[in-house]
Amino acid sequence: MVTAEQVWEALGTVNDPEYPLSIVDLGMVYDVRVTGADVTIDMTFTSIGCPAIDMILDDLRAAAATVPDVGTIDINVVWSPPWTKDRISTRGQRLLQLHGVVN
């Protein structure tokens, strides 16, 4: 049986191409729902004009598909609430500081 926790863990392996951390640590994934074997992911991007949208969506689908027994994977790109730096996890903030991205 597929669990949301398994999917969250898999999504945590998807790194943002601009920052040295995962899209989960960046706070770009808003929700993961599992119904039977089917997965629905709500996520956003740091900007509407992000040039890596298609690449990140492909990586997200591929990561979710690594969870055993996953069926369909639906990704909803949402813009509300908008992404802000406040969504970055504590771990993500530490990693960005280590890399000199934020103070």
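I started with Asp25 and Ser89, whose side chains are joined by a polar contact of 2.8 Å. For that term I used a pair of N or O atoms within 3.5 Å; within protein, one must be able to donate a hydrogen and the other to accept it, and residues adjacent in sequence count only if both atoms are side-chain atoms.

A note on the source before going on: this is a predicted model, where local features need pLDDT of at least 70 and side-chain atom pairs count only at pLDDT 80 or more, while totals for chains, interfaces and linings use all residues. Residues are numbered from 1 along each chain as its sequence is written, and side-chain values use heavy atoms, with hydrogens and water left out.

**Asp25**

I placed Asp25 in the loop between helix 1 (4-11) and strand 1 (29-35); helices (H or I, at least four residues) and strands (E, at least two) are DSSP runs, numbered from the N terminus. Is Asp25 buried or exposed? Asp25 is buried, at a relative accessible area of 11%; the scale is buried under 20%, exposed over 50% and partly exposed in between, with a 1.4 Å probe and protein chains only. Setting aside neighbours within four places in sequence, I found Asp25 in contact with Arg87, Ile88, Ser89, Arg91 and Gly92, contact being heavy atoms within 4.5 Å.

**Val32**

Next I looked up Val32, which sits in strand 1 and is buried, with a relative accessible area of 7%. Not counting residues up to four places away in sequence, Val32 touches Ala4, Val7, Trp8, Leu11, Val39, Thr40 and Ile41. I also checked Val32 against Thr3: they are 29 residues apart along the chain, and their C-alpha atoms are separated by 9.4 Å.

**Strands 2 and 3**

Val39 came up again here, with Ile73 in strand 3 as its bridge partner. Strands 2 and 3 pair in the parallel sense over 5 bridges; pairing requires at least two DSSP bridges. With helix 2 they make a right-handed β-α-β unit, meaning that, with the strands pointing away from the viewer, the path from the first strand over the helix to the second runs clockwise.

**Aromatic rings**

How many aromatic pairs does the structure hold? I found 1 aromatic pair. Phe45 and Trp79 form it, tilted, at 6.2 Å centre to centre and 40° between the planes. Rings of Phe, Tyr and Trp (its six-membered ring) pair if their centres lie within 6.5 Å; planes under 30 degrees apart count as stacked, over 60 as edge-to-face and the rest as tilted. Phe45 is buried at 2%, whereas Trp79 is partly exposed at 36%.
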